[in-house]
Every structure is written in structure tokens, then in C-alpha cells.
Amino acid sequence: MWREFIKPYIQQVVDKTKELDMIFEMHTCGYVAPLLGELIEMGIEAIDPLQYCNNVPELKEKYGNRILFSGGFDSQGVLEMPGTSEEVIRAEVRKTLDLLAPGGNYSTLCPIIDKRIAGIVADEISIYGKNYYIK
């Protein structure tokens, strides 16, 4: 169904975006791993948010030099779990940066609903992320 009903129309948008000399970033919610190779072949240059259900380490290893990953945080588990401690949140951010930032092609988009958690995530991205790239 994807190839017949959806892909041709997304391809038209990708082609027009390229014609206008712009970058095409594909928004995807959920499990997209089986289609990632096709999306890259279509000319899609970034994917967001790369959700944790996609076996993020495997995708980074396989496609990390061909597409920009945005996200990769376990936002549906660890980061949105009621009562998650600040220490656990910060550890999750560091784990994700350690996994996805090496080699580049990564941005830290992290859609979080809870404002307390979003603030901690943003703070840890700023602190750890800054120090990460200084290393």
C-alpha cells in the first residue's frame, strides 16, 4: 500500500523541494525502519522524530552517513514515564547523544509533553551536548 498509494505523492513533494534547492525533512511518527532505505533513495535528507521503537543503534550504523537523524530519545518510555527522576532523564539524554551524535548527521529534537521533563531534557542537551562536542 505504501508503494502504490503514498510513495508516489511523497516523491512529487521531494522532487519539487529539490527543484527549489531546499532540504526535505520527513516527519514520521512511529516505526519507519523498514522504509528508511527507500526514503533515502527518494532524496529525503532528514527524518524526524526518529522514535526509539526503530532500533536506533542499528539505523545509525546502517544509514548514519546518508541521512540526518533528529530525535532518537525514548520519549514514549523513559522520558514520559510518570515520576521519572531528573537523574534518569539526564542519563537518557546522555545515552542518546553518546549513541547518535558520533559521526554527525544528528540533531536533538525531542518532543516532550511534560514541561518539567522538557526543561530537564533541554538543559541536559545544552550542558552535555556542549561538553560532548568540546571533547
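Let's say two residues are in contact when they have heavy atoms within 4.5 Å of each other. This is a predicted model, where local features need pLDDT of at least 70, side-chain atom pairs count only at pLDDT 80 or more, and totals for chains, interfaces and linings use all residues. Residues are numbered from 1 along each chain as its sequence is written, and side-chain values use heavy atoms, with hydrogens and water left out.

Start with I89, which sits in helix 4 (residues 86-100); helices here are DSSP runs of H or I with at least four residues, strands are E runs of at least two, and both are numbered from the N terminus. I89 counts as buried because its relative accessibility is 0%, buried being under 20% relative accessible area with a 1.4 Å probe, protein chains only. Setting aside residues up to four places away in sequence, I89 touches L79, T84, R116, I117, I120 and V121. As for L59, 30 residues from I89 in sequence, its C-alpha lies 23 Å from that of I89.

Now move to D74, in the loop between strand 3 (68-71) and helix 4. D74 is buried yet has no salt bridge, meaning a side-chain nitrogen of Lys or Arg within 4 Å of a carboxyl oxygen of Asp or Glu. The nearest side chain of opposite charge is K95, 5.7 Å away; for charge, Lys and Arg count as positive and Asp and Glu as negative, while His and the chain ends are not counted. What does the side chain of D74 reach at 3.0 Å? That would be the backbone nitrogen of G77. Leaving out neighbours within four places in sequence, D74 is also in contact with Y52, L79 and E92.

Notes: Buried < 20%, exposed > 50% of the residue type's maximum accessible area, 1.4 Å probe, protein only. Polar contact = N/O pair within 3.5 Å; in protein donor to acceptor, adjacent residues only side chain to side chain.
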